[in-house]
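This briefing covers a two-part question: how the chains meet, and which side-chain pairings stand out. Please read it alongside the sequence and the structure.

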Amino acid sequence: MTASPEASTDDPVALAKAAIEYCYEQGWSDGLPMVPATRSDVDACLATTPHPAAEIIGSQPHLSRSITVAQAAANAIMAGCKPEYFPVVLAAWQAVCQERSSRGAWQSTSGPAPLIVVNGPVRQRLGINYAGGAFGPGFRANATIARSIGLMVRNGYGVRPQQLEQATQGLPGRWSICLGENEEMSPWEPLSAVGGVAAGTDAVSAILIRTVEYIDNRSTDSAEAVLTDFADTLGRMGAYVGGPHSSGGLVLGPEHAQLLGNSGYSRADVQQWLFEHAVRDPADMTAAGKGEHVADRPFAMLPSADAIPIIVAGAANAAMSMVFRPFGWAAWAGRSVPVEWKDQ
Amino acid sequence: MFESIIDPTIGPASAASQPRPTLADRPESLSGLRLGLLANTKRNAEQFLADVGAELARQYGVVPVLATKKPNIVDTAPTEIMAQLTDQCDVVVVGVGDCGSCSASAVADGILLEQAGIPAAVIISDAFTVSADAMADLRGAPGYRYLTTAHPVANLTAEGVQARATQAVPAVAAMLTEPVLAAAQPA
């Protein structure tokens with residue numbers, strides 16, 4: 001033990017700092033301070049979930065690594081979670097694991113991040129932000145649930161940057177993107193209902209993404225004008241990595257969502273409109289050196305209407321939204337995961 | 001002082017317990033031996049290996065008998081492809097590891113072939129040696145040797161691929177024939 005050998009037990013603050021430094025020295029940290037986890041912390045997490053401590057909840061067979069519920073609990077505490085967040089962490093982990101692209105994602109040069117979306121009353125109960133500043137920072141549950149997933153990949157799977165992880169640039173906010181859906185201001189059913197879980201049930205969805213980009217459009221009351229703006233960003237070539245199509249989804253601010261809803265658009269209508277309008281001329285693709293697999297004219301940049309996830313989050317204080325870019329070609333598996341509580 | 005802090009890296013399966021894999025014995029010469037190629041799905045990988053195979057045939061007298069491509073970049077080759085390679089081939093060239101996942105899994109493929117008694121030469125682009133080495137460590141074979149070619153490979157023209165493959169051939173031949181201790185076993 002080399003951490004602050006002078007740390008004295010009669011100065012609890014010095015001792016706390018030494019414990020944090022100890023965690024750094026073990027190589028456990030993602031760069032930020034960790035909360036040291038003890039057996040009683042892990043037990044407090046385990047008391048919230050019906051899943052037993054030794055249950056294996058994820059494996060990377062090609063790395064000969066698996067992760068247990070107890071290990072997830074230690075990482076969640078170290079990420080800063082309260083024990084009562086743990087069922088949401090487990091649901092988020094399951095949602096991430098069922099994404100088809102997650103097998104190789106953690107080692108990929110693309111360096112994707114999970115976009116974690118929480119639905120249901122658990123948002124209010126745990127203080128998961130879904131209104132102003134939904135992408136963060138500023139809210140413990142949002143920040144630490146997302147960070148838990150990153151620590152589980154790092155410490156559970158042993159995938160560390162510049163080692164097995166080969167992200168070329170990574171992305172701002174990796175391991176910190178967890179938001180509630182603003183169901184209260186959405187004109188449509190919750191994302192989790194699209195994902196097969198009844199509205200009103202606590203549920204988590206996850207999509208691996210490579211970035212987000214804002215669309216600021218406060219100048220019109222025309223739904224089609226706003227959709228045109230979305231389609232322009234969604235149809236750009238940068239996110240196209242070869243193969244059959246690009247990928248994209250939207251986190252709509254409530255103002256844009258309500259404009260579309262009030263104009264008679266269902267979520268499916270929005271998806272269909274964007275699929276039909278996010279297109280390119282193959283000549284553009286060829287000019288950018290990306291024409292190899294592009295034949296259709298016009299070329300649809302998005303895979304299909306229903307593979308354009310639409311989420312509503314943020315405050316109704318300005319008409320802006322975010323385009324996000326799913327990793328790989330799989331977009332979203334389309335299955336949300338119910339949160340399981342011990343007493344249910 | 002901090003022994004009560006839980007180590008979050010300790011899981012149910014630890015790679016540290018894996019025995020060191022045994023690498024295959026090397027033939028003295030490649031002449032007349034059956035050559036297999038195991039490509040991943042990265043752009044130019046199949047062409048790179050085909051060009052290596054053709055040059056190995058021309059210069060060293062191997063007989064290319066099987067060119068396979070595994071279905072995904074993350075995992076090692078599935079059992080049926082491994083069985084084809086070990087049944088039909090005497091030596092195998094694996095590549096081209098040119099991404100985070102596939103460089104690591106190419107090394108894993110090479111080690112599996114060696115354990116099945118087939119000398120293998122794994123080709124990785126030089127941007128990914130760290131993840132290749134990390135996989136060798138995970139498989140219990142720290143120091144496992146492979147060949148590198150300059151990154152990137154994906155954007156090369158057909159002529160560029162051919163030139164790069166031709167350049168790699170002497171080292172591929174050496175890796176398949178030099179005694180294991182020199183060729184593939186750590187010092």
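The model is predicted, so local features need pLDDT of at least 70 and side-chain atom pairs count only at pLDDT 80 or more, while totals for chains, interfaces and linings use all residues. Residues are numbered from 1 along each chain as its sequence is written, chains are lettered from A and ligands numbered from 1 in the order in which they are written, and side-chain values use heavy atoms, with hydrogens and water left out.

**Interface between chain A and chain B**

- Chain A contributes 39 residues that are in contact with 27 residues of chain B, contact meaning heavy atoms within 4.5 Å.
- About 2,700 Å² is buried between chain A and chain B, 65% of it on carbon and sulfur atoms; buried area is the accessible area (1.4 Å probe) that two parts lose on being put together, summed over both.
- Between chain A and chain B there are 10 residue pairs in polar contact, both residues at pLDDT 80 or more. A polar contact is a pair of N or O atoms within 3.5 Å; within protein, one must be able to donate a hydrogen and the other to accept it, and residues adjacent in sequence count only if both atoms are side-chain atoms.
- On the side of chain A that touches chain B, at least two residues each come from helix H1 (12–25), helix H2 (39–46), strand E2 (65–68), helix H3 (69–79), helix H5 (102–105) and helix H7 (140–156) of chain A. Helices (H or I, at least four residues) and strands (E, at least two) are DSSP runs, numbered from the N terminus.
- H1(A) supplies the largest share of that side, 5 residues.
- The side of chain A that touches chain B comprises 18 nonpolar, 16 polar and 5 charged residues. Nonpolar covers Ala, Val, Leu, Ile, Met, Phe, Trp, Tyr, Cys and Pro, charged covers Asp, Glu, Lys and Arg, and the others, Gly among them, are polar.
- The count of salt bridges between chain A and chain B is 1, and B:Arg43 forms it with A:Glu292, the closest N and O atoms being 3.1 Å apart. A salt bridge is a side-chain nitrogen of Lys or Arg within 4 Å of a carboxyl oxygen of Asp or Glu.

**Aromatic pairs**

- Over all chains the structure holds 5 aromatic pairs. Rings of Phe, Tyr and Trp (its six-membered ring) pair if their centres lie within 6.5 Å; planes under 30 degrees apart count as stacked, over 60 as edge-to-face and the rest as tilted.
- A:Tyr22 and B:Phe2 form a tilted pair, 5.6 Å centre to centre with 45° between the planes. The pair crosses between chains, from helix H1 of chain A to the segment before strand E1 (34–39) of chain B.
- A:Tyr22 is buried at 14% relative accessible area, and B:Phe2 is buried at 8%. Buried means under 20% relative accessible area, exposed over 50%, partly exposed in between (1.4 Å probe, protein chains only).
- A:Trp106 and A:Trp175 form another tilted pair, 5.4 Å centre to centre with 45° between the planes. A:Trp106 lies in the loop between H5 and strand E3 (113–119) of chain A and A:Trp175 in the loop between H7 and strand E4 (178–180) of chain A, so the pair ties together parts that are 69 residues apart in sequence.
- Both A:Trp106 and A:Trp175 are buried.
- One aromatic cluster is formed by A:Tyr22, A:Trp28 and B:Phe2.

**Salt bridges**

- There are 16 salt bridges over all chains.
- A:Arg236 and A:Glu213 meet in a salt bridge at 2.7 Å, N to O. This pair links distant parts of the chain, 23 residues apart: A:Arg236 is in the loop between H9 and strand E6 (249–252) of chain A, and A:Glu213 is in strand E5 of chain A.
- A:Arg236 is partly exposed at 34% relative accessible area, as is A:Glu213 at 33%.
- B:Arg58 and B:Glu55 form a salt bridge at 2.9 Å, N to O. These residues are separated by about one helical turn, because they are 3 residues apart in helix H1 (residues 45–60) of chain B.
- B:Arg58 is exposed at 62% relative accessibility, whereas B:Glu55 is buried at 11%.
- A network of salt bridges links A:Arg123, A:Glu183 and A:Glu184.

**Two threonines in loops**

- A:Thr49 is in the loop between H2 and strand E1 (56–60) of chain A and is buried, with a relative accessible area of 1%. Its side chain reaches the backbone nitrogen of A:His51 at 3.1 Å.
- A:Thr220 is in the loop between strand E5 (203–216) and helix H9 (223–234) of chain A and is partly exposed at 28% relative accessibility. A polar atom of the A:Thr220 side chain lies 2.9 Å from the backbone nitrogen of A:Ser222.
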